[in-house]
Amino acid sequence: MHREYILYSDCNNSRSHEPTNESSRGHFTIEEVTDLHNKTGNDLVRPCDIKGILHSHSRYCDGAHPLISMVETARNIGLEYLGISDHFKTTAHQDGMDVSAVKVQRHEVDLLRNKYPDFEILQGVELDANPDGTLPVDDATLLLFDYVIVSFPENDGYNPKTFTDQVIKVASHPLVTILGRPIGDLILNKNGGSLDMERVLKAAAEGQTAVEVNANPDTDQLQWEYCRMAQELGVFMSISPDAHRAARLVDYRHGTEQAHDAGLRCASILNTLPVAELKEYLGRNSNI
Ligand SMILES: [Zn+2]
């Protein structure tokens with residue numbers, strides 16, 4: 001039986017790998033460690049590589065804390081930017097923002113940018129996809145935001161092909177930036193085996209749509225093989241706490257540790273990009 005290793009790194013130390021007795025976190029044999037290091041150039045993502053968060057909520061919809069608290073907390077924990085992604089008003093989210101609320105939020109974002117010139121705030125939105133893979137708002141509305149996250153509601157009763165086609169249609173939409181959590185808890189817990197991830201990830205690669213890695217410590221571990229498949233296909237992954245309160249922003253560290261253990265490189269993680277590069281990436285479909 002192979003002895004198992006995790007790849008250990010710390011923000012204050014040089015990158016290294018060390019054996020562990022913590023077998024519950026051991027995911028690699030020594031042969032796999034060697035292979036990964038050869039392939040990655042020892043560039044596995046670490047918490048200190050994460051520059052910002054793109055999935056969070058404020059009191060504009062669903063969040064417990066006002067926007068300023070989310071921004072100040074993100075800044076205080078050493079991040080360089082925060083994307084706020086409150087829901088837009090739809091059938092699924094009757095309490096979401098309407099267009100006038102979006103404009104008020106944009107004004108507040110601008111005020112906070114002036115208050116904290118060393119910190120960037122992005123105004124995103126989170127939507128639930130319709131069962132047929134269309135979106136519940138029109139393109140003109142999507143263009144109000146710096147980026148768009150589309151998530152997938154509970155879908156018991158869908159057949160696997162229908163669900164896969166739905167996700168692929170969303171992944172192919174030119175104004176969708178991130179698929180919300182198809183790799184994390186949604187697939188693992190609710191729809192295991194019901195989604196053709198290879199087809200989904202190929203569509204995401206083709207559409208240059210990122211996929212979200214759920215950083216919530218309460219969810220199960222990542223599906224390693226899907227994360228690595230995404231990496232091999234060149235799909236960006238966004239490590240996201242989906243923070244509904246300021247104290248949960250720091251959960252990105254948990255998600256990053258899991259991504260590290262899954263063998264994901266910095267270059268595969270969207271939110272390791274410095275803010276200027278991130279804005280360039282988002283600029284293809286946003287008004288920033
Ligand atoms: Zn959310």
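1. **Ground rules.** The model is predicted, so local features need pLDDT of at least 70 and side-chain atom pairs count only at pLDDT 80 or more, while totals for chains, interfaces and linings use all residues. Residues are numbered from 1 along each chain as its sequence is written, and side-chain values use heavy atoms, with hydrogens and water left out.

2. **Overall make-up.** The chain has 10 helices and 10 strands. Both are DSSP runs numbered from the N terminus: helices are H or I with at least four residues, strands are E with at least two. Of the 288 residues, 53% count as buried, where buried means under 20% relative accessible area, exposed over 50%, and partly exposed in between (1.4 Å probe, protein chains only). The accessible surface of the chain is about 12400 Å², and 48% of that belongs to carbon and sulfur atoms; the areas come from the Shrake-Rupley method with a 1.4 Å probe, and for residues only the protein chains shown count as cover.

3. **Contact range.** Take the contacts between residues at least 6 apart in sequence: 77% of them join residues at least 24 apart. A contact here means heavy atoms within 4.5 Å.

4. An open sheet is formed by 7 strands in the order 4-5-6-7-8-9-10, with parallel pairing. Its edges are strand 4 (52–53) and strand 10, each of which pairs on one side only. Two strands pair if DSSP finds at least two bridges between them. Strand 4 runs parallel to strand 5 and is joined to it by 2 bridges; Gly52 stands opposite Tyr81 in strand 5.

5. **Strand 6.** Strand 5 (residues 81–84) pairs with strand 6 in the parallel sense over 4 bridges, with Ile121 in strand 6 as the bridge partner of Leu82. Strand 6 also pairs with strand 7, again in the parallel sense, over 5 bridges; there Val125 has Val148 of strand 7 as its bridge partner. As for burial, 9 of the 9 residues in strand 6 (residues 120–128) are buried. Glu120, Leu122, Gly124, Glu126 and Asp128 point one way, Ile121, Gln123, Val125 and Leu127 the other, and all are buried.

6. **The zinc site.** Which residues hold the zinc ion as protein donors? They are His55 (NE2), His57 (NE2), Glu126 (OE) and Asp242 (OD), at 2.1 to 2.3 Å from the ion. Donors are N, O and S atoms within 2.8 Å of the metal (3.2 Å for Na, K and Ca), and water is not among the atoms, so sites may look incomplete. Along the chain the donors follow the spacing H-x1-H-x68-E-x115-D. Glu126 belongs to the buried residues of strand 6, and both His55 and His57 are buried.

7. **Zinc geometry.** The 4 donor atoms make angles of 79 to 168°, and the site is irregular. For reference, four donors count as tetrahedral if all angles lie between 85 and 135 degrees; four count as square planar and six as octahedral if opposite donors are over 155 degrees apart and all others between 65 and 115; anything else is irregular.

8. **Aromatic pairs.** The count comes to 3 aromatic pairs. The rule is that rings of Phe, Tyr and Trp (its six-membered ring) pair if their centres lie within 6.5 Å, with planes under 30 degrees apart counted as stacked, over 60 as edge-to-face and the rest as tilted. One of them is Phe152 with Phe163, edge-to-face at 6.3 Å centre to centre and 75° between the planes. Phe152 sits in the loop between strand 7 (147–151) and helix 5 (160–171), Phe163 in helix 5, 11 residues apart. Phe152 is buried at 7% relative accessibility, and Phe163 is buried at 2%.

9. **A second pair.** Phe236 and Tyr281 have ring centres 5.3 Å apart and planes at 90°, so this pair is edge-to-face. Phe236 lies in the loop between helix 8 and strand 10 (237–240) and Tyr281 in helix 10 (residues 275–282), so the pair ties together parts 45 residues apart in sequence. Tyr281 is buried, at 14% relative accessible area.

10. **Positive phi.** Asp62, a residue other than glycine, has phi near 85°. Asp62 lies in the loop between strand 4 and helix 2 (67–76) and is partly exposed at 36% relative accessibility.
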